[in-house]
Structures are given as structure tokens and as C-alpha cells.
Amino acid sequence: MAKENNNDFMANIASALVTTDVIVVADFAAAVRSNVSGAVVTFSGDVRDNDHGRAVASLEYEAHPTAQSLLEKVAREIAERHEVLSVSVAHRHGPIPIGESALVAVVSAKHRKAAFSACADLVDEVKAQIPIWKHQVFTDGTDEWVNCA
Amino acid sequence: MAVTLRFYAAARKATGTSEMTLEPSVALHLLDQAVAAHPKLLGVLGQCSFLLNEVALHDFDTQVPDGSTLDVLPPFAGG
């Protein structure tokens with residue numbers, strides 16, 4: 001937990017989770033909040049019912065066995081790179097219903113600027129570095145692995 | 001003596017299988033054999049990254065020793 005008597009920047013918590021369970025952004029936001037944090041920025045990457053103008057019927061994510069350890073590494077890197085207090089990130093895999101979160105990223109910091117930039121950086125790094133794939137089935141019965149023409 | 005090639009996501013769709021077992025060889029030769037067996041793999045292979053025993057592989061002349069796993073990873077699409 002953050003120490004109240006520490007006036008200097010110290011990123012003390014970085015947590016990461018790859019799971020097939022439901023993930024809810026409010027739960028993760030509550031976990032990073034503390035009495036020394038003046039800002040909590042949250043991001044929820046949600047499953048949409050459409051992609052490039054086509055109606056999506058169902059969606060599933062696949063995770064490589066190294067996804068958990070790589071996500072931990074990314075969370076630690078973000079905590080080290082920004083003036084933040086706490087970083088928490090979770091990626092769900094398996095089938096995910098429309099409207100539920102696939103990715104949750106939350107950051108707490110003393111000030112909003114660091115929290116905003118760290119959270120944006122975290123999401124970008126997750127997309128770039130974590131071996132997770134998205135498979136979507138359209139309402140016309142066709143399907144695709146996203147980003148793989 | 002065997003090595004395992006593992007195919008994920010679009011690479012698995014292209015091969016129709018999640019794994020292939022081959023004799024140890026250099027990575028390039030293993031991938032050539034995979035394409036020969038599953039020609040559709042060629043369409044995605046150029047976009048893929050590779051892990052040899054969970055470490056990024058960049059040199060395709062690398063010998064893949066007995067008992068190793070070579071993973072074929074299509075472009076990531078998390079988030």
C-alpha cells in the first residue's frame with residue numbers, strides 16, 4: 001500500500017491478471033485508490049457489436065501461455081516509467097459477451113496528468129506486446145482473426 | 001528426436017491444427033516443412049512472430065534442438 005509519509009514519487013504496486021473470469025473496471029479502480037492518490041484513471045476495453053461497419057454476433061479471445069508473465073512485465077514497466085502510485089491491468093480471454101470488458105487498465109497517481117498518460121501508455125503497450133488474439137464471428141456467419149488479413 | 005511447432009489463432013486456422021511434430025532442424029527448414037504440409041500457412045507466416053522455447057526468435061538459421069517448442073504467433077490483437 002502507498003505510504004502517507006512518502007512525499008516523493010514511488011510506484012509501489014503493479015498487478016496484472018489474465019483470466020477467463022468477468023472483469024469489472026470499478027473493482028480494479030477501487031483496488032488502486034488510496035489516501036495519497038489524487039487521481040485514478042480507468043480504461044475499459046469493451047466488446048462491441050460491430051467492427052468496420054459489420055455486425056458482430058460473438059467474440060472470443062485466445063491467450064498464449066506467456067500472456068500472464070508478459071502482462072506483469074508491462075505493468076511493472078509502466079509503474080517505473082511514470083510518476084504513478086499504482087498500476088493494475090487485466091485481460092479476459094475465452095468467449096466474452098457483447099458489452100463486457102475484455103481489457104481493464106487502471107492507474108492511480110498523485111496528479112491527473114501522470115495518471116492519464118500512464119493509463120494510455122499501458123493500453124498501447126498491452127496491444128503491442130501481449131500475445132492475445134481476437135476472433136470475431138459476424139452475423140452473416142463469416143468470421144475473422146482480427147489484424148490478420 | 002522431435003520438436004513441436006505450435007500454431008495460434010489465424011496460424012492454427014491456416015494449418016487446421018494446433019501442433020506439428022518434426023525432426024530437429026534449423027527454424028527456417030521447420031517452417032518450410034510446415035508450409036509444405038499446410039500451404040495456407042504461407043499467407044499468414046509473413047506477419048507472424050516466433051518464440052523458441054518462449055524466447056523471441058529472430059534468426060531463422062537457429063538450430064531448434066530436440067525437445068524444443070517453436071511457436072508461430074500471428075499479429076497480436078488484444079485490448
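Two strands are taken to pair if DSSP finds at least two bridges between them. Helices (H or I, at least four residues) and strands (E, at least two residues) are DSSP runs, numbered from the N terminus. The model described here is predicted: local features need pLDDT of at least 70, side-chain atom pairs count only at pLDDT 80 or more, and totals for chains, interfaces and linings use all residues. Residues are numbered from 1 along each chain as its sequence is written, while chains are lettered from A and ligands numbered from 1 in the order in which they are written.

Chain A comes first. It holds three helices and nine strands, and from the N terminus the elements follow the order β-α-β-β-β-α-β-β-β-α-β-β. The C-alpha trace of chain A spans about 60 × 25 × 25 Å along its principal axes. A compact globule of 149 residues would have a radius of gyration near 15 Å, and the 16 Å of chain A therefore agrees with that. The radius of gyration is taken over C-alpha atoms, and the globule rule is 2.2 Å times the number of residues to the power 0.38.

Strand β4 of chain A (residues 54-63) has several partners. Strand β3 of chain A (residues 50-51) runs antiparallel to β4(A) and is joined to it by two bridges. Within that pairing, Asn50(A) has Ala55(A) as its bridge partner. β3(A) and β4(A) make a hairpin with two residues between them, and in the turn His52(A) has a positive phi of about 30 degrees. Strand β8 of chain A (residues 132-138) is also antiparallel to β4(A), with seven bridges between the two; here Ser58(A) is opposite Val137(A). Strand β6 of chain A (residues 94-95) pairs with β4(A) in the antiparallel sense over two bridges, and Tyr61(A) stands opposite Gly94(A) of β6(A).

Another part of chain A is an open sheet of four strands in the order β1-β5-β7-β2, with mixed pairing. Its edge strands are β1 (13-19) and β2 (39-46) of chain A, each of which pairs on one side only. Inside this sheet, β5(A) (residues 86-92) and β7(A) (residues 101-109) pair in the antiparallel sense over six bridges, and the bridge partner of His91(A) in β7(A) is Leu103(A). Helix α1 of chain A (residues 25-32) packs on the sheet and touches β2, β5 and β7 of chain A, its direction making about 20 degrees with that of β7(A). Contact between two residues requires that their C-beta atoms, placed from the backbone, lie within 7 Å. Axes are lines fitted to C-alpha atoms, for helices over the stretch in contact, and angles run from 0 to 180 degrees between N-to-C directions. Helix α2(A) lies across β1 and β5 of chain A and runs at about 155 degrees to β1(A).

Helix α2(A) also packs against a helix. Two packed helices are described by the angle between their axes and the distance between the axes. The axes of α2(A) (residues 67-81) and α3(A) (residues 112-129) come within 10 Å and cross at roughly 150 degrees. The two helices are therefore roughly antiparallel to each other; angles under 35 degrees count as roughly parallel, over 145 as roughly antiparallel, 65 to 115 as roughly perpendicular and the rest as oblique. From α2(A), Leu70(A), Val74(A) and Ile78(A) meet residues of α3(A), among them Ala118(A), Leu122(A) and Val126(A). By class, this contact has six nonpolar, one polar and two charged residues. Ala, Val, Leu, Ile, Met, Phe, Trp, Tyr, Cys and Pro count as nonpolar, Asp, Glu, Lys and Arg as charged, and the others, Gly among them, as polar.

Chain B has three helices and seven strands. A compact globule of 79 residues would have a radius of gyration near 12 Å, and chain B, at 12 Å, agrees. Five strands of chain B form an open sheet with mixed pairing, in the order β2-β1-β7-β4-β5. The edge strands are β2 (19-22) and β5 (55-56) of chain B, each pairing on one side only. Strands β1(B) (residues 3-7) and β7(B) (residues 69-73) pair in the parallel sense over four bridges, with Leu5(B) opposite Leu70(B). Helix α2 of chain B (residues 27-37) lies across β1, β2 and β7 of chain B, at about 120 degrees to β2(B).

Where the chains meet, the contact takes 14 residues from chain B and 20 residues from chain A. On the side of chain B that touches chain A, the largest share, three residues, comes from helix α1 (residues 9-15) of chain B.
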